[in-house]
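Here is a short briefing to read alongside the model.

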Amino acid sequence: MCKSFESGYALIVGVGADLPNTVDDARGLAGILKDPERCAYPPDQVELLTSEAAGRSGILAGLDRIAQRADEKSTAVIYFSGHGYHVSSSIGDAYYLMPFGYNIDQLKDTAI
């Protein structure tokens with residue numbers, strides 16, 4: 001067994017819904033990161049959010065948790081498997097990550 005990668009943290013998101021393979025992708029990556037023979041991240045430092053848990057508030061809370069736990073010597077992996085969205089307007093372009101439960105008519109409140 002390898003030594004654990006104590007300074008490694010990860011937030012792995014698989015949105016699901018109309019993209020069911022994103023959940024499988026996220027689970028697979030989380031498994032690789034926690035595998036003691038591969039990346040050896042401590043299991044409690046790899047957070048997996050899928051389907052309903054991968055909504056806007058869940059993702060933002062997960063990012064906050066990593067920011068609170070990690071320090072300047074830490075490595076953080078943020079992985080998002082889901083849709084993205086681009087909006088062009090007279091004031092410029094905006095790019096969004098589309099979490100579980102997004103509403104295209106309420107991007108400010110439901111997307112990231």
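At 21% relative accessibility, Ser51 counts as partly exposed. Ser51 sits in the loop between β2 (46–50) and α2, and its phi is positive, about 50 degrees, although the residue is not a glycine. Please keep in mind that this is a predicted model. With that said, welcome to the tour.

**Overall layout**

- The chain contains three helices and five strands, and along the sequence they follow the pattern β-α-β-α-β-β-β-α.
- Along the principal axes, the C-alpha atoms fill a box of roughly 55 × 30 × 20 Å.
- Of the 112 residues in the chain, 29% are buried.
- If you count contacts with a separation of 6 or more, 58% of them join residues 24 or more positions apart.
- The accessible surface of the chain is about 6,800 Å², and carbon and sulfur atoms account for 51% of that surface.

**Nonpolar cores**

- The largest nonpolar core has eight residues: Tyr9, Leu11, Val13, Val15, Leu49, Ala54, Ile59 and Ile66.
- At least two residues of this core come from each of β1 (8–14) and α2 (56–69), and β1 gives the most, with three residues.
- Another core lies apart from this one and has seven residues, including Ala26, Ala30, Leu33 and Tyr41.
- Ala54, one of the residues of the largest core, touches Val13, Gly14, Val15, Leu49, Ile59, Pro99 and Phe100 once residues up to four places away in sequence are set aside.

- Thr22 belongs to helix α1 and is buried, with a relative accessible area of 7%; the cut-off for buried is under 20%.
- Which residues does Thr22 contact, leaving aside its neighbours within four places in sequence? They are Gly14, Val15, Gly16, Ser81 and Gly82.

- The structure holds two salt bridges.
- Asp44 pairs with Arg69, and their closest N and O atoms are 3.9 Å apart.
- Asp44 lies in the loop between α1 and β2 and Arg69 in helix α2, so this pair ties together parts that are 25 residues apart in sequence.
- Asp44 is exposed, with a relative accessible area of 56%, whereas Arg69 counts as partly exposed at 42%.
- Glu47 forms a salt bridge with Arg65, where the closest N and O atoms are 2.3 Å apart.
- Because Glu47 lies in strand β2 and Arg65 in helix α2, the pair ties together parts that are 18 residues apart in sequence.
- Glu47 counts as partly exposed at 21% relative accessibility, and Arg65 is partly exposed too, with a relative accessible area of 35%.

- Tyr85, Tyr102 and Ile104 form a nonpolar patch on the surface, and together they have about 260 Å² of accessible area.
- Where is Tyr102 placed? Tyr102 is in the loop between β5 (92–98) and α3 (107–110).
- Tyr102 counts as partly exposed, at 34% relative accessibility.
- Helix α3 includes Asp109, which is exposed with a relative accessible area of 54%.
- Asp109 and Ser57 are 52 residues apart in sequence, and their C-alpha atoms are 9.7 Å apart in space.

**Positive phi**

- Most residues other than glycine have a negative phi.
- Ala17 has a positive phi of about 55 degrees although it is not a glycine.
- Ala17 is found in the loop between β1 and α1 (21–34).
- Is Ala17 buried or exposed? At 55% relative accessibility, Ala17 counts as exposed.
- Ser51 also has a positive phi, of about 50 degrees, but Ser51 is partly exposed, at 21% relative accessibility.

Technical notes:
Residues are numbered from 1 along each chain as its sequence is written. This is a predicted model: local features need pLDDT of at least 70, side-chain atom pairs count only at pLDDT 80 or more; totals for chains, interfaces and linings use all residues. Side-chain values use heavy atoms; hydrogens and water are left out. A nonpolar core is a set of buried Ala, Val, Leu, Ile, Met, Phe, Trp, Tyr and Cys residues joined through side-chain atoms within 4.5 Å. Buried means under 20% relative accessible area, exposed over 50%, partly exposed in between (1.4 Å probe, protein chains only). Helices (H or I, at least four residues) and strands (E, at least two) are DSSP runs, numbered from the N terminus. Contact means heavy atoms within 4.5 Å. Patches are made of residues with over 30% relative accessible area and no salt bridge: like charges are joined within 9 Å, nonpolar side chains (Val, Leu, Ile, Met, Phe, Trp, Tyr) within 5 Å. Accessible areas come from the Shrake-Rupley method with a 1.4 Å probe; for residues, only the protein chains shown count as cover. A salt bridge is a side-chain nitrogen of Lys or Arg within 4 Å of a carboxyl oxygen of Asp or Glu.
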